[in-house]
Amino acid sequence: MIITRTPLRICLGGGGTDVKDYYEQHGGYVVSAALNQYIYIVIHNNFEKSIRICYSKREIVNTADEVHHPVVREAMKLFDITDKGIEIISFADAPSDTGLGSSSSFTVGLIGALAAYKRVKMTKYEIAEMACHIERDLLKEAGGKQDQYIAAFGGITVLNFQRDGKVIVSPVQISHESVAALEKNVMLFYTGIRRNSFKVQQALIRGVKKQTRTLESLHEIKKLGLETEEILRNGEIDRYADFLKQHWEAKQKLSDMISNGKINDLYEKAMKSGAQGGKIIGAGGGGYLLLYCANDKNRTLIRRAMKEAGLEELHYSFDSTGVTVLVDDGMRSKKSNEVLV
């Protein structure tokens, strides 16, 4: 049996500048943080001569080409998985389509598991790049590259997207005290709204191509990403609340799909309860609402208000390891050391 564990994430600043149509022209800069909320991928042998895939659905097929799940199908083909009697199962600590990067964490975790199964040594950079290749090149899914990289590397990390496509990965030089302050002051509440992030991303990309206000907003968001890294490094954590306000204003200008009446009402309710800043995590349109408050009493008021509104809080701490093989009992593919890239 092989088990991988891959973190979900929140973007602290610069989200959206990791889209190819933006960073190829202007360069992108994202500060992202991995959470101790995970996607687990399990590979083990079954007793039948078939390939079984279990996620929100269950598939039983004979070849990789017959797999319906697009990411699993393409990953199995890249690793040349032809073995019968293999089962791939996934579990998650949080719901999908909620802005925590779960789809890319799934892809990264699957690649890590298949690499172990095939006895292929891969760096975290190679895993992240293969995940991008599957999602962006092979499947033509709209989106950026931050989710794949933060899932692979973990930590509180700067992702510097170069115009030539190279990604420079740098851990933020942040003190333990500042990490503890972030974990205490940054709260996450599930709005109950699940959305298709690809539609939101497509609208963002169209705005960049047409040189609309979307492009100006991304310039502002990139600037906020650079400043976010600086305040984290300098331990000026409470300044992050002001950046969140600016980020939320800029983010809403990216697309009409970023927010809606319910999200706006929740945001205003939180601000009236003492929140100092906030934003929707991920592409927008739903998912998790991130709120910042440095005051103990006001955090209690915010939690009460969000609970009364029907929102569930996600309790978390930051993950520092990225994708990890938790269990590897020696199970191996009959054809090892081959990757078809």
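Guide: Across the interface of domain 1 and domain 2, eight residue pairs are in polar contact, both residues at pLDDT 80 or more. This is a predicted model, in which local features need pLDDT of at least 70, side-chain atom pairs count only at pLDDT 80 or more, and totals for chains, interfaces and linings use all residues. Residues are numbered from 1 along each chain as its sequence is written, and side-chain values use heavy atoms, leaving out hydrogens and water.

Visitor: What makes a residue pair a polar contact?

Guide: A pair of N or O atoms must lie within 3.5 Å; within protein, one must be able to donate a hydrogen and the other to accept it, and residues adjacent in sequence count only if both atoms are side-chain atoms. Eight residue pairs across the interface meet this rule.

Visitor: Which elements supply at least two residues of the side of domain 1 that touches domain 2?

Guide: They are β1 (2–13), α1 (20–26), β2 (28–45) and β6 (156–161), where helices (H or I, at least four residues) and strands (E, at least two) are DSSP runs numbered from the N terminus. The largest share, five residues, comes from β1.

Visitor: What are the bounds of domain 1 and domain 2?

Guide: Domain 1 covers 1–171 + 318–326 and domain 2 covers 174–312, as given by an automatic or database domain assignment.
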